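Try each task on your own, then read through the worked solution.

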Amino acid sequence: MDLNVLWFCLVGVLFCGFFFLEGFDYGAGILLPFVGKNDAERRVVFNAIGPFWDGNEVWMLTAGGAIFAAFPHWYSTLFSGFYLALFLMLLALMVRGVAFEFRSKDDNPTWRALWDWCLWFGSLVPALLWGVAVANLLRGVPIDANMQFVGNFFSLLSPFTVVTGVAFVLLFSYHGALFLSLRTQGEIKERVQKLAPRLGLATIVAVVAMAALMLLETDILGKFISMVALVLAAVALILSYVLAGAGKFGKSFIATALTIVFAVATVFTGLFPRVMVSSLDPAWSLTIYNASSSVTTLTIMTIVAIIMVPIVLAYQVWAYWVFRKPVDMKDLEY
């Protein structure tokens, strides 16, 4: 395995971690208006994800940094082509972060309702746009011979990309409901446990539609390994739905986590060795070789990753262990 392949795999691992962790984080925010019936219950939702949300976003920042350093041409084409979509995502994430800090600074119900909706908006928009972005990576975007994106915002929209965006929202909402079923108590816990199987069924329907369009509009399922990963993702999702229906929410949460991991594996194995597909000419696609940094840069990055990744993982495991118990209504900080 050369360094280009190694860093492509590492970027895939970073996105696995990001979508798994930030997925339930986004999902809990999307469900806030539907499962929190009063101020105390909405505070419980904030506190359920409060200790984790910023740590989860580190995975996204690290993945973006890894792409920038290891594959600069991929980074520049991606961020210039998806500029407006990524700007909207950044705006939503900023509003979301401020909501955690400002919501409980004032008892005024209007003030708190404003930040509740900011959390909802800041969770829904990134989830939707991540789905749209991933679908565009799979079906291809207009890239010319100079690695320049020559389309516009509307060229990123199609039935496949929109359906994938909706599928992401539903999958993350389902993942978030299962997480809240483990982190809450009382009536709100009963409410999310009733909601979870319904979200699971809606997610299955959306994912089936997405997979059908993926088969028609992309070539990633032409590889045996990507087809195997997709089948494993489907099995894990159905298993999660069955477990949620049987009241085994902890095991169901693990199954949705596996669904996300196998789904990311489907994307990366299907793309390899490409990182962005050109819809104008396959020969103009960006690959792990024509979009990469020098060998020296990749070598230095590998040394830094070997030192820092275990430290970051140890810290995150420790944080989840410390806050492993359900939220106590007597100890709300957000």
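Predicted model: local features only at pLDDT ≥ 70, side-chain atom pairs only at ≥ 80, totals over all residues.

Residues are numbered from 1 along each chain as its sequence is written. Local features need pLDDT of at least 70, side-chain atom pairs count only at pLDDT 80 or more, totals for chains, interfaces and linings use all residues, and side-chain values use heavy atoms, with hydrogens and water left out.

**Exercise 1.** Find how α1 and α7 cross, and list what meets there.

Solution. Start with the elements: helices are DSSP runs of H or I with at least four residues, numbered from the N terminus. Next, take the axes, which are lines fitted to C-alpha atoms over the stretch in contact, with angles from 0 to 180 degrees between N-to-C directions. The axes of α1 and α7 (residues 159-183) come within 6 Å and cross at roughly 85°. That makes α1 roughly perpendicular to α7 (the label covers 65 to 115 degrees). Now the contacts, meaning heavy atoms within 4.5 Å: on the α1 side they include F19, F20 and F24, and on the α7 side F168, F172 and F179. Finally, sort the residues of this contact: 14 are nonpolar, five polar and none charged. Here Ala, Val, Leu, Ile, Met, Phe, Trp, Tyr, Cys and Pro count as nonpolar, Asp, Glu, Lys and Arg as charged, and the others, Gly among them, as polar.

**Exercise 2.** Describe the lining of the second largest pocket.

Solution. First, the term: on a 1 Å grid over the protein atoms alone, a pocket is an open set of points with protein on both sides within 12 Å along at least five of seven lines, whereas a cavity is a set where a 1.4 Å probe fits but cannot get out; lining residues have an atom within 4 Å of a point. The second largest pocket holds about 430 Å³ of space, a volume being the space filled by probe spheres set on the points. Then look at its 16 lining residues: L14, T62, A305, M308 and V309 lie nearest the centre. Helix α11 gives the largest share, seven residues. By type, 14 are nonpolar, two polar and none charged.

**Exercise 3.** Which element gives the largest share of the lining of the largest cavity?

Solution. The count comes to one cavity of 30 Å³ or more, and the largest cavity holds about 70 Å³. Among its lining residues are F82, M89, L129, N136 and F153. Both α5 (83-102) and α6 (109-139) give two or more residues, and α6 has the largest share with four. Sorted by type, 10 are nonpolar, one polar and none charged.

Notes:
Parallel < 35°, antiparallel > 145°, perpendicular 65-115°, else oblique.
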